[in-house]
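I kept my notes in the order I looked things up.

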Amino acid sequence: MNRKYAFVYPILLMVFLAIGLLLGSKLNQPAQQPVSGNYSKMQEIITLLDREYVDSIESKKLFEKTITDMLHELDPHSNYIPYEDLQAMNEQIDGKFGGIGIRFAIIRDTLCVTNVIPNSPSFGSGVLAGDKILMIDGKNVARKKIKNDDVMGKLKGEPNTKVKIQLYRDKKKIEKTIVRGVIPIPSIVCAQMLDKNTGYIRLDNFSVTSAQEFFLAARKLKAEGMKKLIFDLRDNGGGVLDGAVKIADEFLPEGQKIVMIKGKKFLNTTRYARAGGLLEKTELVVLINENSASASEIVAGAIQDNDRGMIIGRRSFGKGLVQQDFSLSDKSDLRLTIARYYTPSGRCIQKPFGESYEDYYHSNEKRRDNGEYFTPDSTVFKNANKFKTLKGRTVYDGGGISPDIFVPLDTSNSTIYYLTLRYSGAFQQVAFDFVANKRTEWASVQEFTQTFETPKPLLQKLIAEGEKLKIPYDARDYKRSEGLIKQVMKAEIARQLFIEEGYFFIVASYDKEVQKALEILKR
């Protein structure tokens with residue numbers, strides 16, 4: 001926050017709250033002060049600040065900041081979204097955007113094409129994985145400090161509009177004019193068989209398309225022999241509630257509760273499972289962690305309360321509030337909490353939000369510092385209300401979904417040297433170079449997994465790349481983390497070859513939660 005405006009924000013916030021209290025107290029009285037009168041007073045204050053304040057102010061920015069602060073006084077999830085930010089948020093919800101259909105990485109200040117989406121505009125125009133983009137619409141994007149958001153802003157646009165790019169391939173510059181199209185944003189990033197009976201599906205978020213994506217992925221795995229499923233909702237922050245309901249419905253028999261939704265002005269609703277769910281007979285484990293929230297918790301809660309499967313991992317985030325979008329006259333958006341949802345047993349898993357907005361969203365850091373990532377915190381549900389699952393097990397409200405089986409965060413082979421390399425981009429850079437002439441060497445991620453082992457010369461290149469990035473080699477740390485470094489290098493190469501599906505398929509082979517789930521399903 002700008003210090004010279006520090007005292008202005010609270011004044012405006014008090015004005016908004018005073019208006020809200022005044023309106024609330026007058027609701028049942030015959031004669032009410034016109035709402036427009038309060039808005040006029042607010043506008044008068046803004047005008048006075050704009051005209052008389054000692055320094056110039058950005059009245060629009062000040063106004064929007066005040067709205068946001070007011071909403072966060074109500075709860076952490078009600079929010080004001082300016083029009084310019086709305087498109088990006090809606091793209092995640094809709095599961096699509098206008099673009100050219102490539103995945104890229106900025107490697108050594110160069111924009112590199114890592115994958116081309118099949119049947120996309122780029123695919124049809126002959127763009128290849130491994131190409132480097134030098135120019136976009138006549139503007140140089142090579143050998144300069146560029147950011148992902150800047151690149152996306154240049155490549156994305158309305159479908160049927162054109163973008164010109166200059167590529168560098170085999171020491172030649174190639175010009176391409178690409179007509180943008182509708183590019184899907186998959187919410188399922190991996191759907192593979194881990195063994196002859198067990199499937200694995202990882203869902204990153206709940207969009208409008210997630211339920212259909214899930215159905216198609218599950219049907220594919222069933223055709224491949226799946227009788228058991230590990231459903232990975234870790235780090236899934238939620239999204240479209242209806243997608244969560246439809247996905248939970250695939251597991252539950254007809255008539256079982258999925259979720260209850262209750263609000264002051266909201267028509268109270270209970271959603272039940274319908275007949276014919278694709279996975280009603282499939283053995284199930286759901287993976288969650290501290291970043292699994294909202295729609296993820298609806299699915300996990302429905303599975304847990306109906307004793308339909310095992311929940312494994314760490315306590316989820318604890319978001320039990322439902323938002324609805326209200327479009328404003330200037331095309332901005334008010335995302336307002338209108339209801340709470342309750343799991344089938346009747347519990348609301350929303351964690352307390354009496355602390356500050358910042359503390360609420362950084363509460364996972366407090367969990368980590370308190371050791372909850374490594375040992376369950378028995379005090380979380382000390383004063384919570386008790387509820388019963390369908391088979392009589394005790395569960396609690398008020399603090400997220402507590403797993404049936406706790407798996408601590410695995411930091412056993414992690415060192416400062418490994419983590420510094422991991423977040424520097426060194427793995428990605430070395431992997432991109434390695435696959436330059438090998439992109440057709442492996443026909444499938446399964447073949448790659450079975451035949452590839454990270455060679456020692458590649459690890460030496462990783463060390464050298466780290467040193468170029470000013471990460472000095474630490475022999476002791478390297479020795480401790482060597483196994484992990486080999487695994488992550490292999491996973492990053494798989495990402496270059498097979499997008500996210502390749503990465504998560506490799507990670508599953510050494511992921512402690514996935515391995516625990518496999519152990520449980522084999523009992």
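This is a predicted model: local features need pLDDT of at least 70, side-chain atom pairs count only at pLDDT 80 or more; totals for chains, interfaces and linings use all residues.

**Entry 1: a tyrosine to begin with.** In which strand is the place of Tyr342? I found Tyr342 in strand S18, which covers residues 333–342. I then listed its contacts, setting aside neighbours within four places in sequence: Tyr342 touches Val259, Met260, Lys262, Arg347 and Cys348. I also checked Tyr342 against Ala302: they are 40 residues apart in sequence, and their C-alpha atoms are 9.5 Å apart in space.

Entry 2: The average pLDDT of the chain is 91, and 92% of the residues score at least 70. I marked residues 1–33 with a pencil, as the pLDDT there is below 50. That stretch still has 42 contacts in the model beyond near neighbours in sequence.

**Entry 3: the whole chain.** I counted up the secondary structure and noted 17 helices and 21 strands. The radius of gyration is 26 Å, close to the 24 Å that the globule rule gives for 523 residues, so the chain is as compact as a globular protein of that length. Along the principal axes, the C-alpha atoms fill a box of roughly 80 × 65 × 50 Å. I looked up burial too: 47% of the 523 residues count as buried. The accessible surface comes to about 27200 Å², and carbon and sulfur atoms hold 52% of it. Taking the contacts with a separation of 6 or more, I noted that 69% are between residues 24 or more positions apart.

**Entry 4: a sheet.** Next I traced an open sheet of six strands, in the order S10-S11-S12-S15-S16-S21, with mixed pairing. Which strands stand at the edges? They are S10 (188–193) and S21 (405–406); each has a single partner strand, so one side of each is left without a neighbour in the sheet. Further in, I followed S12 (residues 228–232) and S15 (residues 283–288), which run parallel and are joined by five bridges. Leu229 stands opposite Leu284 in S15. I jotted down a reminder that strands of a sheet pair through backbone hydrogen bonds, either parallel or antiparallel. Then I turned to helix H16 (residues 475–508), which lies across S10 and S11 (198–203). Helix H16 runs at about 55° to S10.

**Entry 5: a covered helix.** How many residues of helix H9 are buried? I went along H9 (residues 295–305) and found eleven of its eleven residues buried. Among them are Glu297, Gln304 and Asp305, as well as Ile298, Val299 and Ile303. Asp307 follows H9 and has a positive phi, near 50°.

**Entry 6: positive phi in loops.** Asp170 has phi near 50°, a positive value in a residue other than glycine. I placed Asp170 in the loop between strand S7 (162–169) and strand S8 (172–179). Is Asp170 buried or exposed? Asp170 is exposed, with a relative accessible area of 66%. Lys470 has phi near 65°, again positive in a residue other than glycine. The loop holding Lys470 lies between helix H15 (456–468) and H16. Lys470 is exposed, and I noted its relative accessible area as 74%.

How values were computed: Residues are numbered from 1 along each chain as its sequence is written. Side-chain values use heavy atoms; hydrogens and water are left out. pLDDT is the predictor's confidence in each residue, from 0 to 100. Contact means heavy atoms within 4.5 Å. Two strands pair if DSSP finds at least two bridges between them. Helices (H or I, at least four residues) and strands (E, at least two) are DSSP runs, numbered from the N terminus. Axes are lines fitted to C-alpha atoms, for helices over the stretch in contact, and angles run from 0 to 180 degrees between N-to-C directions. The radius of gyration is taken over C-alpha atoms; the globule rule is 2.2 Å times the number of residues to the power 0.38. Buried means under 20% relative accessible area, exposed over 50%, partly exposed in between (1.4 Å probe, protein chains only). Accessible areas come from the Shrake-Rupley method with a 1.4 Å probe; for residues, only the protein chains shown count as cover.
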